[in-house]
Amino acid sequence: LERSNQVELSLLDAEDQLVKHRMIRIYVSETPPNLKNIVTDVINKKVSQFPFMLINGATFNPMAVDANGDIRYSLQLRTNRMGMIPLQNGHVLFADRTANCVNRLGEIQPCRYHEMDYMGRVYRTFILKDPISTVITQYENSLYLVTSSDKEHINDCIIELDMNSGEIVKNCDLGQVLGEKYRDTRDWTMLSCLEYHQGSLLITLKRLHTVMNLRWEDGSVEWLLAPEGIWEDTPLHSRCLRQQEGEALRLGRPDSAVWEDDSQISVFNTQVRGDIPAGYSCEDKSSVVTVAIEAEKGTYYQTEEIS
């Protein structure tokens, strides 16, 4: 039968003797028309580090493709552009579009979010009244979500959600951390990546050409990685790391920064000038740079770059 999977189940006793055997079939519906041929070409020179790639889109439902570009999972439930976001525990956070509310920005948005696995099983459900972005990180039973500080701004407030109780136990307004220098537009930080590491949040502020390490307990800035001049004449200038030697790192609208180990981060750098001058022009190629952080000395140095 088309798109059917045969699963054989065997029950054995302590001597590995067959006690019971059953064969079941799991039928899977055909690929929806809007997902067919959505991946048309795959260059697969090496084995991918990731068994699946999760893709969300504005015109199609969330899906997971394997290293060959074949669709392995697709979710046929109503959602918004957030779709479903991978969590560190192997589950995903899914925005349920069937339950909506009007948020404080006056916009209709989902207010019900499910923690679920790739088979569609729901483990926990959360009700949130404020809009959240696709930038999420998890540590144990805490979810760190990005929301809005007020009606005029978006993606500039981080909240900690207790996954067991569903309560918001802490929030951090980035306007109070970063000051008012660049708070001149709606999405003034373009916060694009968030990672929890040893009690701190590594935050990528794309519009500000900045990677920030924030101590979550007290909301203080441990260090900033940014082009010279971005935080000049602000209280945060003293928190900016200095290049140990050689030319300073070129950060043009970094999209994501993650820890490689306890002392090194990798930054995906789009090399775009943006509307806040960083002291250099756009480049044709993006890059991934690895940077060693020496927080105690207030310095850094670049160890590798791939363009």
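Reader: How many helices and strands does the secondary structure of the protein come to?

Author: Helices (H or I, at least four residues) and strands (E, at least two) are DSSP runs, numbered from the N terminus. Here the secondary structure comes to 1 helix and 22 strands. This is a predicted model, in which local features need pLDDT of at least 70 and side-chain atom pairs count only at pLDDT 80 or more, while totals for chains, interfaces and linings use all residues. Residues are numbered from 1 along each chain as its sequence is written, and side-chain values use heavy atoms, with hydrogens and water left out.

Reader: What box do the C-alpha atoms fill, and what percentage of the residues count as buried?

Author: Taken along the principal axes, the box filled by the C-alpha atoms is roughly 75 × 45 × 45 Å. Burial is read from relative accessible area: buried means under 20%, exposed over 50%, and partly exposed in between (1.4 Å probe, protein chains only). By this criterion, 43% of the 307 residues of the protein count as buried. Accessible areas themselves come from the Shrake-Rupley method with a 1.4 Å probe, and for residues only the protein chains shown count as cover. The accessible surface of the protein comes to about 17500 Å², and 46% of this belongs to carbon and sulfur atoms.

Reader: Which residues form a nonpolar patch on the surface?

Author: Patches are made of residues with over 30% relative accessible area and no salt bridge; like charges are joined within 9 Å, and nonpolar side chains (Val, Leu, Ile, Met, Phe, Trp, Tyr) within 5 Å. In this model, L9, I24, I26 and V28 form such a nonpolar patch, with about 310 Å² of accessible area together. I24 lies in strand β2, which spans residues 18-27. I24 is partly exposed because its relative accessible area is 33%.

Reader: Where is the place of R25, and with which residues is R25 in contact?

Author: R25 is likewise placed in strand β2, and its relative accessibility of 38% makes R25 partly exposed. Contact means heavy atoms within 4.5 Å. Leaving aside neighbours within four places in sequence, R25 is in contact with S4, N5 and Q6. The C-alpha atoms of R25 and E8 are separated by 8.7 Å, the two residues being 17 apart along the chain.

Reader: How many salt bridges does a search of the whole structure find?

Author: A salt bridge is a side-chain nitrogen of Lys or Arg within 4 Å of a carboxyl oxygen of Asp or Glu. The search finds 11 salt bridges. One of them joins the side chains of D156 and R183 (3.7 Å, N to O). D156 lies in the loop between β11 (142-147) and β12 (157-162) and R183 in the loop between α1 (174-178) and β14 (191-197), so this pair ties together parts 27 residues apart in sequence. Both D156 and R183 are buried.

Reader: What is the N to O distance between R253 and D275, and are these residues buried or partly exposed?

Author: The side chains of R253 and D275 meet in a salt bridge at 3.4 Å, N to O. This pair links distant parts of the chain, 22 residues apart: R253 is in the loop between β18 (242-243) and β19 (254-259), and D275 in the loop between β20 (264-269) and β21 (287-294). R253 counts as buried because its relative accessibility is 15%, whereas D275, at 49%, counts as partly exposed.
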